Amino acid sequence: MEHVDASVIRQHLIDPEICIRCNTCESTCPVGAITHDERNYVVNAAACNLCMACIPPCPTGSIDNWRLMPRANPYSVEAQLGWEALPEPLGADQLAEAGAAADESAPAPVAPIAEDAFNVADYASTVPPWSAAPPARASSSALSSAGRTSQPNCASTL
Ligand code: SF4
Ligand code: SF4
């Protein structure tokens, strides 16, 4: 059975440098975990149940950010509202100081695939068009017998 350090969570965060403040995530979240002020959109770690409903609709991907954090001390809503950028991930030492062990085996949430999501495999041909075939390369002997070389003659085009 996979070991998961219960003292660590993957905290769901929004990148304020990429977010375009479109409100899609806040209107999508079924539990009201996403809020905003005039500056940032943020996720309340205590309310977020990792359902991932907000991930596919986000047009920028800014909502798909995660940090290993001590379960007892995640970033607060107030702290996130003041961010200009996401903080760097905590190192193992910092997590240990906070009483948590860095454990990359902590399961990463996985976003569901929307039923109407575009799937290129549904539309793409498995047979490449004839025009995708690489052009046949003439051999140098064939070129020289035809009075040409394989080097382009730029002067002739001037
Ligand atoms: S959906 Fe994405 S871009 Fe829009 S407000 Fe939410 S995080 Fe920002
Ligand atoms: S993962 Fe689910 S609960 Fe968490 S913020 Fe997104 S929609 Fe809300």
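Arg-21 lies in the loop between strand S1 (8-13) and helix H1 (24-28); helices (H or I, at least four residues) and strands (E, at least two) are DSSP runs, numbered from the N terminus. This is a predicted model, in which local features need pLDDT of at least 70 and side-chain atom pairs count only at pLDDT 80 or more, while totals for chains, interfaces and linings use all residues. Residues are numbered from 1 along each chain as its sequence is written, and chains are lettered from A and ligands numbered from 1 in the order in which they are written.

**Overall layout and confidence**

- The chain has 4 helices and 4 strands, and from the N terminus they come in the order β-α-β-β-β-α-α-α.
- Take the contacts with a separation of 6 or more: 74% of them join residues 24 or more positions apart. A contact here means two C-beta atoms, placed from the backbone, within 7 Å.
- Average pLDDT (the predictor's confidence in each residue, from 0 to 100) is 77 for the chain, and 58% of the residues score at least 70.
- Residues 117-125 have pLDDT below 50, and the model gives that stretch 1 contact beyond near neighbours in sequence.
- Residues 142-158 also stay under 50 in pLDDT, with 6 contacts beyond four places in sequence.

**The two ligand shells**

- Ligand 1 has 14 residues around it, with Cys-19, Cys-22, Thr-24, Cys-25 and Cys-58 coming nearest. A residue gets into a shell if its C-beta atom, placed from the backbone, lies within 6 Å of the molecule.
- Sorted by class, the ligand 1 shell holds 9 nonpolar, 4 polar and 1 charged residues. For the sorting, Ala, Val, Leu, Ile, Met, Phe, Trp, Tyr, Cys and Pro count as nonpolar, Asp, Glu, Lys and Arg as charged, and the others, Gly among them, as polar.
- Ligand 2 is likewise surrounded by 14 residues, and the closest are Cys-29, Ala-33, Cys-48, Cys-51 and Cys-54.
- No charged residues turn up in the ligand 2 shell, which splits into 11 nonpolar and 3 polar.

**Nonpolar cores**

- The largest nonpolar core runs to 14 residues, and Ile-14, Cys-25, Ile-34, Tyr-41, Val-43 and Cys-54 have the most contacts inside it. A core is a set of buried Ala, Val, Leu, Ile, Met, Phe, Trp, Tyr and Cys residues joined through C-beta atoms within 7 Å.
- Strand S3 (residues 41-43) is the top contributor to this core, with 3 residues.
- A second, separate core has 5 residues, including Val-8, Leu-68, Met-69 and Leu-95.
- Cys-25 is one of the residues nearest ligand 1, and beyond four places in sequence Cys-25 touches Ile-34, Tyr-41, Cys-54, Cys-58 and Ile-63.

- Val-42 sits in strand S3 and is buried because 26 other C-beta atoms lie within 10 Å.
- Once neighbours within four places in sequence are set aside, Val-42 is in contact with Ile-14, Thr-35, His-36, Val-77, Gln-80 and Leu-81.
- Val-42 and Ser-76 are 34 residues apart in sequence, with 9.3 Å between their C-alpha atoms.
- His-36 belongs to strand S2 and has 16 other C-beta atoms within 10 Å, so it is partly exposed.
- Not counting residues up to four places away, His-36 touches Glu-26, Tyr-41 and Val-42; the C-alpha atoms of His-36 and Glu-26 are 8.2 Å apart, for 10 residues of sequence.
- Arg-39 is in the loop between strand S2 (34-36) and S3, and it counts as partly exposed because it has 13 C-beta neighbours inside 10 Å.
- From Arg-39 to Leu-81 is 42 residues along the chain, but 6.7 Å between C-alpha atoms.

- Arg-21 isn't a glycine, yet its phi is positive, at about 55°. Arg-21 has 14 C-beta neighbours inside 10 Å and therefore counts as partly exposed.
- Asn-23, also in the loop between S1 and H1, is another non-glycine with a positive phi, about 75°.
- Asn-23 counts as exposed because there are 11 C-beta neighbours inside 10 Å.

Conventions: Buried ≥ 20, exposed ≤ 12 C-beta atoms within 10 Å, placed from the backbone.
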